[in-house]
Amino acid sequence: MTTARAVSVALQKGGVGKTTLAINLAERLANRGHDVLLVDLDQQGNATEGVGLADAYRSDTHLGHILDDNSDVTAGDVIRSADSFDVLPANQDLDSVENSIRSATFGELWIRNEIVDPLLEDAYDFVVVDSPPNLGPLADASLISTQHVIVPLRMSEPSVSGFERMYTQQILPIRKEIDLEILAIVPNSLAGDNEEKRIIGDLETSEFGQFLPSFARSAHFDDPDSPGPGLRERIAFRRAWREGVPLAVHDPESDMLERLDELAAIVERGGVDDAR
Ligand SMILES: Nc1ncnc2c1ncn2[C@@H]1O[C@H](COP(=O)(O)OP(=O)(O)O)[C@@H](O)[C@H]1O
Ligand SMILES: [Mg+2]
């Protein structure tokens, strides 16, 4: 197990917590003393907006220009700073970037070769990518550029089957070409219903059980001092997003910060490790 310096937060489904995790993982890694870049690859720009950079979403200069050989725009021209980390914002024009990636040979490698690798070499300790909610060239480019993935899951059947689809239709095919590791599966927005008990139990005994962090294991159901496993449903996550700041800034006392910090440690370690 080695440090994962780049990680995608991905699942081909909306509303599971990708953006929330990406923003707060970037913040926790920065809080641990690292130089961190958050890359927003979702054309909806929720991560960009959630760190207070909505104006960058409408900017004329964007990620697409960094990839364009006919433009002299560099990453430094597009990257902005937010809170304790930097951000490569999404843009309303990311659709056209996706089309260029689709029509080019090896277009899926552009983001890695022209953005992520050079920036990890020169400027950042960690890169966290907020992946798009659909399968396609940008989603593939995200996983290929980071080679590590964290998967947030809601405790519902559509979310779990979304992950199974992603595993067979995206992760396994990419693995035929390059290494791609799942760092963690993170049950998110748990509120104490019976479904969560059943799904965490099923996950734990499946081949994917090894990817559950210790804070997401069913032992938490029996611990009277625990709020329960996973990332719990906390209104503070929504409020922080609306304010354009990470959870740690909105609510420094949040009981979920410790769990997000453990997720940052998992990225540092390159896996859930000896969590059991
Ligand atoms: N643990 C949580 N508790 C409460 N709300 C959450 C939690 N995680 C995410 N949310 C909210 O759920 C919505 C969807 O989350 P988001 O991170 O945008 O998902 P995705 O990026 O996968 O579409 C957002 O409004 C977000 O603030
Ligand atoms: Mg999102």
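The legends below describe close-up views of a predicted model.

Residues are numbered from 1 along each chain as its sequence is written, and chains are lettered from A and ligands numbered from 1 in the order in which they are written. Because the model is predicted, local features need pLDDT of at least 70 and side-chain atom pairs count only at pLDDT 80 or more, while totals for chains, interfaces and linings use all residues.

**Figure 1. Overall fold of the protein.** The protein has 13 helices and eight strands; these are DSSP runs numbered from the N terminus, helices being H or I of at least four residues and strands E of at least two. The radius of gyration is 18 Å, close to the 19 Å that the globule rule gives for 276 residues, so the protein is as compact as a globular protein of that length. This radius is taken over C-alpha atoms, and the rule is 2.2 Å times the number of residues to the power 0.38. Along the principal axes, the C-alpha atoms fill a box of roughly 60 × 40 × 30 Å. Of the 276 residues, 49% are buried (buried: 20 or more other C-beta atoms within 10 Å of the residue's own; exposed: 12 or fewer; partly exposed: in between; C-beta atoms are placed from the backbone). Among contacts with a separation of 6 or more, 76% join residues 24 or more positions apart (contact: C-beta atoms, placed from the backbone, within 7 Å).

**Figure 2. Surroundings of ligand 1.** The shell around ligand 1 holds 17 residues, and the closest are Lys18, Thr19, Thr20, Ser189 and Arg238 (near: C-beta atom, placed from the backbone, within 6 Å). Helix H1 (18-31), strand E7 (181-190) and helix H11 (235-243) each supply at least two residues of this shell. By class, five shell residues are nonpolar, eight polar and four charged. Here Ala, Val, Leu, Ile, Met, Phe, Trp, Tyr, Cys and Pro count as nonpolar, Asp, Glu, Lys and Arg as charged, and the others, Gly among them, as polar.

Figure 3. Most residues other than glycine have a negative phi. Serine 189, in strand E7, has a positive phi of about 65 degrees. It counts as buried because it has 21 C-beta neighbours inside 10 Å. Phenylalanine 106 has a positive phi of about 60 degrees and lies in the loop between H6 and H7. With 9 C-beta neighbours inside 10 Å, phenylalanine 106 counts as exposed.

Figure 4. In H6 (residues 94-103), Leu94, Val97, Glu98 and Ile101 are buried. They lie on the same side of H6 because they cover an arc of only 100 degrees around the axis, the arc being that of the directions from the helix axis to the C-beta atoms. Asp95 and Ser103, on the other side of H6, are exposed. The buried residues of H6 pack against helix H4 (63-67), helix H7 (110-122) and helix H8 (137-146).

**Figure 5. Leucine 25 in the largest nonpolar core.** Leu25, Leu38 and Val128 touch the most other members of this core of 85 residues (core: buried Ala, Val, Leu, Ile, Met, Phe, Trp, Tyr and Cys residues joined through C-beta atoms within 7 Å). H1 gives the largest share of the core, seven residues. Not counting residues up to four places away in sequence, leucine 25 touches Val9, Val128, Leu260, Leu263, Ala264 and Val267.

**Figure 6. Valine 16.** Valine 16 is in the loop between strand E1 (6-9) and H1. It counts as buried, with 26 C-beta neighbours inside 10 Å. Leaving aside neighbours within four places in sequence, valine 16 contacts Leu11, Pro152, Leu153, Arg154, Ser159 and Asn188.

Methods
Two residues are in contact if their C-beta atoms, placed from the backbone, lie within 7 Å.
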